[in-house]
Amino acid sequence: MAKGRKRGRRVLLIVLAILVLFPIVSVLATAVVPPPPTILMLRQAVRGEGLDYQWQALKRISPNLVNAAIAAEDARFCSHHGFDMDAIQKALDHNAEGGRIRGGSTISQQTAKNVFLWPGRDWVRKGLEAGYTVLIETVWSKRRIMEVYLNVVEWAPGVYGAQAASRHWFGKDAADLSPREAARLAAILPAPRRYEAADPGPYVRRRAARVQAAMGAVRNQGLNLCVVGRGG
């Protein structure tokens, strides 16, 4: 009986060690190598959407897209440590009033979710997302977080990352995106399966115009310095 209990404790310790070490090892590995196709990518590919995932180093992605992502998704990206409490509170207040649900996730949180976890809104996934967010903010640089984010985010059914999106919507490389094109890509991020960047409807045109205007503030106020440095 005693041997059985010892064996059980040993197995439990091994399982706990794996649960603790796996996230750390996976975050360390993806700090230096491109992530493999994500769970979302594979799930949608199985459903017949295809898989267009083209990794592109950040230096080969236009700074216009970096500025657009910050303007549209996370204005405090360079100053927070993974969580924007003001944005979360505003989202909670807005959602309590009813109407369209608004999220308060930062680019760091979205990156953690997209790379390491499955789609969904359950509390287990949200808890793991918070843990992975802390890990990538600790291990990765802000520049690396932005690089991974821009490479794994979905921009059309079966189309993932800045390079694939640029080719899909505008027929050009991500390095050559204009401010207007970058703003349009950022504008469709809330619902890339519903909206189009190349030939947008009224909603996307209005949102893209707001994003492009905000991109000026991102540059002028240095909200992008942790990614593009001075002169970006």
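Which residues have the most contacts inside the largest nonpolar core? They are Leu 65, Met 146, Leu 150 and Trp 155, in a core of 53 residues. This is a predicted model, where local features need pLDDT of at least 70, side-chain atom pairs count only at pLDDT 80 or more, and totals for chains, interfaces and linings use all residues. Residues are numbered from 1 along each chain as its sequence is written, and side-chain values use heavy atoms, leaving out hydrogens and water.

**The core**
- A nonpolar core is a set of buried Ala, Val, Leu, Ile, Met, Phe, Trp, Tyr and Cys residues joined through side-chain atoms within 4.5 Å; buried means under 20% relative accessible area, exposed over 50%, and partly exposed in between (1.4 Å probe, protein chains only).
- H7 supplies the largest share of this core, 6 residues.
- Helix H7 (residues 142-152) has 10 of its 11 residues buried, so the rest of the structure largely encloses it.
- Among the buried residues of H7 are Met 146 and Leu 150.

**The overall fold**
- The protein has 11 helices and 3 strands; these are DSSP runs (helices H or I, at least four residues; strands E, at least two), numbered from the N terminus.
- Of the 232 residues in the protein, 41% are buried.

**Val 139**
- Helix H6 (residues 123-139) contains Val 139.
- Val 139 counts as partly exposed because its relative accessibility is 36%.
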